[in-house]
Amino acid sequence: MYDVIILGAGPAGLAAGLYAGRSRMNALLIEKGQDGGQIATTNEIENYPGQIVDEEESGPSLIARMSKQVEKFGCERISDVVQSVELAGDVKKVVCAGGEYEAKTIILATGAHSRPIGCKNEGQYVGKGISFCATCDANFFEDFEVYVVGGGDSAVEEAMYLTNFARKVTIIHRRDELRAAKSIQEKAFANPKMNFMWDSVVEEVGGEGMLGWMDVRNVKTDEITRIEADEDDGIFGLFGFIGFLPNTELFEGQVELENGYILTDDNMATNIPGVFAAGDLRKKSLRQVVTAAADGAIAATQALKYIEHAE
Ligand code: NAP
């Protein structure tokens, strides 16, 4: 019987593991893939306090230090795929492909992922022209052309942010009007760097190594327009902002969700006693490494308090 089981080794889960280990809790951290979650595939992290971007510093190097710290403080780790969880009751059960585990408390930190653009060959160009994070990757497109898929607040706001870097930003939206708030739209329409491709969806992307072309289909006429990178640039940026998908399917019907996101209080407590949630799978206003790590620290601290109170 563990004191706490932590699901997911992104920044939230790793911070929870660190705090649990330091407070001498008998803790188990379960991750199915590589540590870091979305950060594992993000090269530059320059907005995490203390992280100075240079040749040696990257998303993976930041995560490697977090993982090392977790091990140093004695949090047990296994690599396994969680198949189901039983969250109600005093004993929390986690069924993995390789075994079953029990704990007095559990911290859900399985993160979220951006909704994919949905075009052919997309996976091959993520990180090579395709991005889902303007804050992370805008710098790479300084003075390049950039395309943004989506028409909501996020797409339009992120597109506006990208105009600070790119020489031209084009929103590709599947309808002929934006979903974004009118006030945001007005600013976008007034920005001379902003362009719009209406009634359009990206069908296919390609290029030699880097993103070099894409086919965009007009949904009303079915006409395909091929967009190619400027010869001097050799690449253009394609950002997707068509929503996020929290990784909460495993917890559906148990913890309280809103649009798939877990609802917690300020202490990261869910509606079920002894069940905490941390990071991007939570309903919250800012999803960044710094807020995920803070959530993890709070969740582990509160899990300890819960156990002490129960004893
Ligand atoms: P959103 O409001 O759900 O908008 C998603 C956009 O992506 C929509 O324009 C939608 O098109 C498009 N879309 C969805 N699936 C698509 C697909 N498969 N292919 C192509 N396009 C697709 O998401 P969001 O912009 O991320 O915002 C999420 C929430 O956060 C919203 O409540 C928003 O108001 C809020 N938010 C607020 C602010 C702010 O107030 N400053 C900033 C960011 C986010 P359709 O329009 O055709 O459905």
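Guide: Helices here are DSSP runs of H or I with at least four residues, numbered from the N terminus. Please keep in mind that this is a predicted model.

Visitor: Which helices each supply at least two residues of the lining of the second largest pocket?
Guide: The second largest pocket has a volume of about 190 Å³, and 13 residues line it, with Ala 15, Leu 18, Tyr 48, Met 66 and Gln 69 lying nearest its centre. The helices that each supply at least two residues of this lining are H1 (11-22), H2 (59-72) and H7 (289-310).

Visitor: How many charged residues are in the shell around the ligand?
Guide: The residues surrounding the ligand include Asp 153, Glu 157, Arg 174, Arg 175 and Arg 179, together with others such as His 173 and Ile 242. Asp, Glu and Arg count as charged. The shell therefore divides, by the classes in use, into one nonpolar residue, four polar residues and, for the class asked about, five charged.

Visitor: What share of the ligand's exposed area does the protein bury?
Guide: Oxygen atoms of the ligand lie 3.1 Å from a polar backbone atom of Gly 152, 2.7 Å from a side-chain N or O atom of Arg 175 and 2.6 Å from a side-chain N or O atom of Arg 179. Taken alone, the ligand exposes 900 Å², and the share of that area buried by the protein is 60%.

Key:
Residues numbered from 1 in each chain as written. Predicted model: local features only at pLDDT ≥ 70, side-chain atom pairs only at ≥ 80, totals over all residues. Heavy atoms only, no water. Near = heavy atom within 4 Å. Polar contact = N/O pair within 3.5 Å; in protein donor to acceptor, adjacent residues only side chain to side chain. Areas by Shrake-Rupley, 256 points an atom, 1.4 Å probe, with all protein chains shown as cover. 1 Å grid on protein atoms, 1.4 Å probe; cavity = no way out; pocket = protein on both sides within 12 Å on 5 of 7 lines; lining within 4 Å. Points joined across faces, edges and corners; volume = space filled by probe spheres on them.
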